Amino acid sequence: MNRSEKILYALGRSYFELEAGEKLSKSIPKILKYLGEASKVDRIYIFKNHFNEEGEFCMSYKFEWCAENVSPQIEFEFLQSLPWSIFPEIEEALRKNHFINDLVSNTKNHVFYESMAEQGILSYLFVPIFSGRIFWGYIGFDNCQSEVFFSEDQATALHAFASTLGTKLLANKRKQKLIRTHQNYSFLLNNINDVVFRTDRDGNFTFLNKTWENLSKYSIQESLGTKLFNYFDHDHLSNQGNISINDFENPGGKFEKDLMLSVKDGTSIWVKLQGSINPDKAGNPESFFGTLSNIHSRKSAEDKASKLNKLLQAVNETQLSFFEQEDFTSPMNTLLENLLKITGSKFGFTGEVLYDEKGSPYLKSHTITNIAWSDETQAYFESNFKVGIEFRNLNTLFGASLKTGEIVISNDCKNDPRSGGTPHGHPPLYRYMGIPIFKGTEFLGLMGFANKETYYTMEDVKFLEPIISGYANFIKAIRINRRRKESDAMYRLISENSGDIIAIHDFDLRFRYVSPSIEKVLGYKPEEVIGKKPHEIFKEISIDTENIGGVQKRVIHHQHKTEGKDIFLEILSRDLLDENGKPFGIVAASRDVTEREMILAELKVALEKEKDLNRLKSRFISMISHEFRTPLATINSSTELIGLTLSSLRETGITEKTNTYLTRINTQVKRLTSIISDILLLEKNALEPIPAKLEMAYLNKFILGLVDDYFTKDNEKEIDVQIPEVDIKIMTDPTWLTHIVKNILENSIKYSPERQKKPKLQIQHLKAHYNIKVTDYGIGIPLDDQKHIFDSFFRAQNVSNIKGTGLGLNIVRDFVNKLGGELTFKSKEGKGSVFNIKFPYLIK
Ligand code: ADP
C-alpha cells in the first residue's frame, strides 16, 4: 500500500471509530494513531479553540500522537491558551475552513517560523474542525523528516474527515445538552406537584406525568387516549362538557382556567389548568400542552371565605330586614340554611336565651329546621314557628349550654350523659354542636347544629366565629328594639291616656313631642307647640323649684289659651340620657294642680286669719285675766272681812251657815286665782320666755318641805315619800321646781278619787341625773289621749267631773325643759300613772 492508500485506509478505520459511538475522548487518540502511522508524520495533534478569561480567542493543545523517538509536547504549559492573535494569517485561513498544507520555510510569520523551526519541523498540515458553523479547532500534522507535503487529495480527504469529526462534536454537544435537559426535565416532570400533560388536537391525552396518578387516582395507562375534558366537573365548564381545544381562543397563546377535577374515588378537587396550544404549520391547533396544579386548599379556603362572606351578608341583611319590616323569619331561615350547608349539618336552630320568673334559662327559637314527625308536631311547628318555639327542658344537649353557657360538642349523642334523649318520633340525633352566643359576658343566644356526616370539632366553632358575633349583635338589636317597642307602647299608653301633659324637649328646650292632653289642659294643639320653646308660647311664672334626685319639680302659672282661666301646672322634669350617659333632651310631665293651688291659697288665707284670731284670743285672755285679778282680790279680802265681822257675832246659827258659804266662796276664788295665774304664766311664757333663777338647794329637804307645805292634812302626809338616805345638792329654780312637783302631785291625788292607795314620790340618784318619780293608782290616761296631754287646754275623756283646765302639764313640761330636764309618763287607764321628771346634776 502506498502512503495515500494507507491514509485512506486509516481514515476508513477512523470513520468507523467515530460511528462506533464510543466517547470521543477515547476514540480520538485511536484515530490520531491510525492517521499518524498511515501518514508517517512525526506528530499529530488537536488544538481546541476557546476564549480565555480576558475574552481573548485562544487555542489549547488537547490531543497528541507522536512517532517513535519524537518527544510529546502535551505537558507543555505554553501550548495551553495560546492566543490566536500571534498567528493571524493562519487563523484567517482556518476560519475560512481552508486547510494549510505548507513548508515551514514559506511562512512570513517569524514567530510561527521560529516556534516551528525550533522543533525541527519542516512541513505541516493544518486541517480546521468546524462544529456546525463554529470554528472549533484544528488537527495539526508535523513533519520533521523531510519536506514531504501531503498531496492535495490526501489533505482534502483529511479535511473531509475533520468536518465529520466536527459534526460529531456538535452532535455530541447537543446530545449531552439534550441528556442534561432531559434528565432535568424528567426529574421535574415526575417530581413536581403539577400534572404535566399533552393531548392531541381532539384533546386526548398523549402524555401524562406521574403526578396525574396521585391527583386523579387514575393510572397513566388507563388515562392515555382518553379525553382531558372528560375529567372535569361539567358544572364548571362553560360549554356543558363538550369542550375541546378549539374552544380556546388564540391558538398558540396561553390558556388558564380554574376547574373541578373529578377524582376516581368520586370526590372533586379544584385544579388550575394552564397550558398552551401548539399550532401546526398551517396555524391550526395540533396539540395541547399544559399543567394541572392542585389549588384545592386555596380554592376551598377562598370558597369558604366567600361563603362566609355571603353568610355575614345574610346576617346583615337579616338585621336590615328586621329593622325595615320588623320580621326576620325568612332572612333568618336563609341564614340557618346557609349555616347548615357550611357546617354540613342536617338540621339545626338559632334562638335567644331568655329567663323565666324563677330565673332559669330557656330557649326561644328565631328559626328552626322543620323536623316535624307527625301531624301534631307539624301543626305545632306551623303555629309557633313565626313567634318562636320555646324549649325549657334543660336535661338536654342544648340545655347543657343553657345551664353552663358553654360550647357543647357531642359526636355520640346516644351515649352522651348530657343528653336526655329525644321525644318519641324525633329523627335520630347522632351528632350535635351547640354554640352559645355571647356579647361580652351577656349570654344572649344559642345556635345548634345536628347530624354532620363527620365529627363536629372546635374548627367548626372557630369557623363560625364571625357569624356568632354578628348574630350576637343581631340579638342585641332585637332586644333593644323590643324594649323600645315595649316602652314606646307603654309610653303612648301613659301619655295618651293620662290627663298629665307628657312632653319631650330637645336640649334647647324645644318641644319634640307633646301628648294630646295638652289641648284639654291648656287649649293648645300639639302641633302648635312642637318645634317651639316653652317661653315662646306660655307666659311662665315659676312659683318654686325643687330638685329631688335629678328630678326637677316646679309649679308654673299659665293661662288657658281659649278660656283664659288660670292654670297651675306642676312640672316634673328630668334629663334624658343617651347610652353614654350624656344628656340629649328633657322629658317632662305636667299636671294640672290648679284646684290644689287654689285650695292652698285659700288655706293660706285661713291660716293667716286663724293666726290673727289666736293672737286676739290670747290678748283677750290675758286682758280678762288681769281684769279678773282685781275683783277676785276684792272678793277675797271682802270674804275675810265678813269672816272677821261674823266671828264677833254671837248668833251661832247664822255664823255657821254663813261660814260654810264663805268657805265655798274662798275655795272658788282660790281656784279662779290659780287658773288665772296659770293662764298668765302661759301667756307670758309664750310671748317672751322667762329666764330661770338658779339657786342651790338640798333635794330631800326641798321635797319634804314642799310635801309638808301643801300635801299634809291633820299631820298626815297625803303622799308616800321615799327618799334616799343621802341628800344631794342641786342647782335649780326653786319657784319653778315647786310649781312642777306641786302640779304633778296635785294631779296624782286629783285623779285618784277612790283613795285606794296614796300616791308615791321617789327620788332616785343616777349617774348623770336624778329622777323625781310620782306614781299613782288612780284613773290613768286612756291610750288614745296620751299623746295630747301636754297640749294646752286638753283634758282626757275619763276625767268626768274632776275639775281642771288642761293647762298644768303644758306649763310643767315647759319648766322641766327649761331646767334641762325631761318629763315623761307611763299610764294605763283604770290602773294608774307614773310621771317621771329627770334632771341633770349640772344645769348648763
Ligand atoms: P288638768 O287641769 O286637767 O289637770 P293637766 O294639764 O294637769 O290639766 O292635765 C291634763 C290632763 O292629763 C288632765 O286633764 C288629765 O286628763 C290627765 N292627767 C294628768 N295627770 C293625770 C294623772 N295623774 N292621772 C290621770 N290623768 C291625769
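Contact here means heavy atoms within 4.5 Å of each other. The structure is a predicted model, in which local features need pLDDT of at least 70 and side-chain atom pairs count only at pLDDT 80 or more, while totals for chains, interfaces and linings use all residues. Residues are numbered from 1 along each chain as its sequence is written, and side-chain values use heavy atoms, with hydrogens and water left out.

Lys299 belongs to helix α8, residues 296–325, where helices (H or I, at least four residues) and strands (E, at least two) are DSSP runs numbered from the N terminus. Although Lys299 and Asp258 are 41 residues apart along the chain, their C-alpha atoms are separated by 9.0 Å. Lys299 is buried, because its relative accessible area is 15%; buried means under 20% relative accessible area, exposed over 50%, and partly exposed in between, with a 1.4 Å probe and protein chains only.

The chain as a whole has 21 helices and 32 strands, and buried residues make up 42% of its 844 residues. Of the contacts in the chain with a separation of 6 or more, 54% come from residues 24 or more positions apart.

Ser216 is found in helix α6, which covers residues 211–216, and Ser216 counts as buried because its relative accessible area is 0%. Leaving aside neighbours within four places in sequence, Ser216 is in contact with Leu261, Val263 and Lys264, and a polar atom of the Ser216 side chain lies 3.0 Å from the backbone nitrogen of Tyr218. Ser515, by comparison, lies in the loop between β19 (511–514) and α13 (517–522), and Ser515 is likewise buried, at 0% relative accessibility. The side chain of Ser515 makes a polar contact with the side chain of Ser517 at 2.9 Å; a polar contact is a pair of N or O atoms within 3.5 Å, of which, within protein, one must be able to donate a hydrogen and the other to accept it, and residues adjacent in sequence count only if both atoms are side-chain atoms.

Helix α19 (residues 734–750) and helix α21 (residues 808–818) pack at an angle of about 140 degrees, with their axes 9 Å apart; axes are lines fitted to C-alpha atoms, for helices over the stretch in contact, and angles run from 0 to 180 degrees between N-to-C directions. The two helices α19 and α21 are therefore oblique to each other, given that angles under 35 degrees count as roughly parallel, over 145 as roughly antiparallel, 65 to 115 as roughly perpendicular and the rest as oblique. Among the residues that meet are Trp736, His739 and Ile740 in α19, and Leu809, Ile811 and Phe815 in α21.

Two loop residues complete the tour. Lys40, in the loop between α2 (24–39) and β1 (43–51), has a phi near 55 degrees, a positive value in a residue other than glycine, and Lys40 is exposed, with a relative accessible area of 57%. Asn715, in the loop between β25 (712–713) and β26 (716–717), also is a residue other than glycine with a positive phi, near 65 degrees, and at 80% relative accessibility Asn715 counts as exposed.
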